[in-house]
Amino acid sequence: MLTKRQNLMETIKGGNPDRFVNQYEFMDIILEVPVKSMTTPGTEFKNNWGITFRWPEGQLGQFPVHDDEHKVLKDITEWKKYIKVPTIENSDEAWAVAVAHANSVDRNDQFVTAFVAPGIFEMTHHLMSMEDALMALYEEPEAMHELIETLTEYELAYAQILIDRIHPDALFHHDDWGSQKSSFISPAMFEEFFLPAYKKVYAFYKANGVELIVHHSDSYAANLVPYMIEMGIDIWQGVMTTNNTPELIKKYGGQISFMGDIDSGTVDFPTWTPEIVTQEVERACKNCGKLYFIPCLTQGLGFSSFPGVYDSASAAIDKMSKEMF
């Protein structure tokens with residue numbers, strides 16, 4: 001029987017996997033880093049850029065607060081006045097727990113995985129609001145290019161620390177690029193503003209021993225897949241059914257793999273049932289096949305919003321492995 005890591009490589013290289021890769025099983029994601037990116041339900045926190053995140057009770061996640069009082073970047077033309085690039089904590093003490101976690105992983109079985117969120121596009125709208133960020137791409141492209149360059153330099157500085165501290169084999173990087181049915185910006189605009197930034201970042205990780213780039217965008221982004229390939233993404237995690245995953249596999253399998261096709265919105269809700277989950281898993285596995293595809297909830301980490309859904313999906317995927325392999 002192949003290890004989780006071997007089975008993943010067989011799947012994405014078009015070889016001979018002996019089962020479906022089951023959701024996030026191949027990654028041991030190191031979340032104990034000193035750079036905080038998430039809060040918990042009913043709380044808020046301010047990150048090292050000064051962005052305030054709030055997670056209201058009863059909601060499925062956190063989001064930045066953009067009223068006048070909390071908006072960090074109030075005028076893109078004066079971004080240098082408002083943006084203070086944070087210093088990244090890099091003491092042995094601050095990194096001790098993350099390093100211990102990374103050292104405890106059996107790297108023959110799983111990838112020690114660095115986690116980065118929010119991504120570069122998300123950072124632009126977290127700093128100033130989605131509307132402001134999208135309008136700035138049209139109205140102040142020069143300032144946006146400068147801001148994106150600054151965000152990229154920060155990402156590269158953080159990448160160096162992650163590499164030095166935990167020696168990751170894989171990167172799991174968040175950046176949502178669309179809604180359920182379209183990308184937030186046109187492919188041409190994406191190519192101009194964000195492709196160069198990501199080519200730089202992902203090439204740096206690859207040059208420093210990171211074997212696998214997994215990019216999370218639980219959205220429509222089928223129109224951006226050629227750029228994902230160009231920037232060095234190995235696995236797009238979060239691919240929703242609206243992308244027509246079987247078509248993408250047919251067209252791009254061998255250049256990139258697809259992880260998802262079990263829409264969290266369809267299975268992960270208060271009145272979910274194991275039957276609904278099983279039905280969606282079966283559909284995804286049969287439609288997408290055994291190669292270049294990892295059945296997975298579209299959610300951006302290995303858990304579900306409602307207890308039991310993730311485990312139910314994992315059990316259903318194991319069942320499909322017995323049936324199809």
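The buried residues of helix α1 pack against β5, β7, β8 (235-239), β9 (257-262) and β10. Those residues are R5, N7, L8, M9, T11 and I12. Buried here means under 20% relative accessible area, exposed means over 50%, and partly exposed lies in between (1.4 Å probe, protein chains only). Helices (H or I, at least four residues) and strands (E, at least two) are DSSP runs, numbered from the N terminus. Packing rests on contact, that is, heavy atoms within 4.5 Å. After α1 comes G14, with a positive phi near 75 degrees.

This is a predicted model, in which local features need pLDDT of at least 70, side-chain atom pairs count only at pLDDT 80 or more, and totals for chains, interfaces and linings use all residues. Residues are numbered from 1 along each chain as its sequence is written, and side-chain values use heavy atoms, with hydrogens and water left out.

The whole structure holds 16 salt bridges. A salt bridge is a side-chain nitrogen of Lys or Arg within 4 Å of a carboxyl oxygen of Asp or Glu. One of them joins K4 and D109, with the closest N and O atoms 4.0 Å apart. K4 sits in α1 (residues 4-12) and D109 in the loop between α3 (92-104) and β5 (111-116), so the pair ties together parts that are 105 residues apart in sequence.

The next residue of the chain, R5, makes its own link. R5 and E211 form a salt bridge, and their closest N and O atoms are 2.9 Å apart. E211 lies in the loop between α8 (195-207) and β7 (212-216), while R5 belongs to α1, so this pair ties together parts that are 206 residues apart in sequence. E211 is partly exposed at 39% relative accessibility. R5 is buried, with a relative accessible area of 14%.

A further bridge runs between D169 and R107, whose closest N and O atoms are 3.0 Å apart. D169 lies in the loop between α6 (141-166) and β6 (170-174), and R107 in the loop between α3 and β5, so the pair ties together parts that are 62 residues apart in sequence. D169 counts as buried at 10% relative accessibility, whereas R107 counts as partly exposed at 27%. Salt bridges that share partners join R5, R107, D169 and E211 into one network.

Now turn to a charged residue without such a partner. E122 lies in helix α4 (residues 120-128). E122 is buried yet has no salt bridge, and the nearest side chain of opposite charge, K36, is 17 Å away. For charge, Lys and Arg count as positive and Asp and Glu as negative; His and the chain ends are not counted. What lies 2.9 Å from a polar atom of the E122 side chain? The backbone nitrogen of D176 does. The backbone nitrogen of G119 lies 3.1 Å from a polar atom of that side chain. A polar contact is a pair of N or O atoms within 3.5 Å; within protein, one must be able to donate a hydrogen and the other to accept it, and residues adjacent in sequence count only if both atoms are side-chain atoms. Leaving aside neighbours within four places in sequence, E122 is in contact with H174, D175 and D176.

T298 is another buried site, with a relative accessible area of 3%. It is found in the loop between β10 (293-297) and α13 (309-324). Its side chain reaches the backbone nitrogen of S264 at 2.9 Å. Beyond its neighbours within four places in sequence, T298 has contacts that include H216, D218, Q237, D261 and S264. M240 is in contact too. T298 and M240 are 58 residues apart in sequence but 6.5 Å apart in space, C-alpha to C-alpha.

Elsewhere, an open sheet of three strands runs in the order β2-β3-β4, with antiparallel pairing. β2 (43-46) and β4 (63-64) stand at the edges, each with a single partner strand, so one side of each is left without a neighbour in the sheet. Two strands pair if DSSP finds at least two bridges between them. β2 and β3 (residues 52-55) pair over four bridges. T43 has W55 of β3 as its bridge partner.
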